Amino acid sequence: PNPNPDPNSYPNPNPNPDPHPEQVQHILASTAHSGLSVVGDLKLKKPVISFQDPNNKTQRNSVITWNPEAATEVLVASADDRSPVLQIWDLRNATMPVRALHGHTKGILAASWCPHDSHLLLSSAGDSRTICWDVSTGEMVCELPATTRPTFDVQWSPRLPAILSASSFDGIVSVYSLQVGGRARVRARAG
């Protein structure tokens, strides 16, 4: 729990093996295919803030994730093939996204903020591309090798900087190092 709770603060509620000190367990964020994202307080049993892109009210959202270092910042990703965008929102003024990342050509399926460097973000989409972004500039840092079928999950190692994994619908989990450029592929077991 945060020793100095700030009612305007929305820290990362996601349980993980290495939680951030500012984490508050009773704050929860969720997003929907309707385009609406909601941050709720489980202690108060009510929504605290809700928001959606005013320029794209039909946007179907697929992912919401907290910035590991900025407690008032979230990423919302669109699953919509017509508008596959990653949006960075500042919850202190959630009227418009503060930044939009464009690069995918089909809807976004997964996104993961780097726990070691909050400037880095991974995204994967229906276009079978997995992209590493510099959120501070909006630029693509690199693109991982394309898969035969789309990647549905991307994760950073919680302990090893620059190590990440990507799981694709072709049944393969790939492990990458952004420092070395190496990759180990492990076939996932079905069912």
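Start by selecting residues 108-113 and 120-125: strands β8 and β9 pair here in the antiparallel sense, over five bridges. Strands are DSSP runs of E, at least two residues long, numbered from the N terminus, and two of them pair if DSSP finds at least two bridges between them. You are looking at a predicted model, where local features need pLDDT of at least 70, side-chain atom pairs count only at pLDDT 80 or more, and totals for chains, interfaces and linings use all residues. Residues are numbered from 1 along each chain as its sequence is written, and side-chain values use heavy atoms, leaving out hydrogens and water.

Stay on this pair and click Ser 112, which stands opposite Leu 122 in β9.

Now widen the selection to the open sheet, whose four strands run in the order β8-β9-β10-β11 with antiparallel pairing. At its edges are β8 (108-113) and β11 (139-144), each pairing on one side only. Neighbouring strands are turned by 25 degrees against each other on average, direction ignored (axes are lines fitted to C-alpha atoms; angles run from 0 to 180 degrees between N-to-C directions).

Next, show the cysteines. Which cysteine sulfur is closest to that of Cys 114? It belongs to Cys 132, 7.8 Å away and so too far for a bond. Cys 132 is in no disulfide (a pair of cysteine sulfur atoms within 2.5 Å) either; the nearest cysteine sulfur to it, in Cys 142, is 4.6 Å away. Across the whole structure, the search finds zero disulfides.
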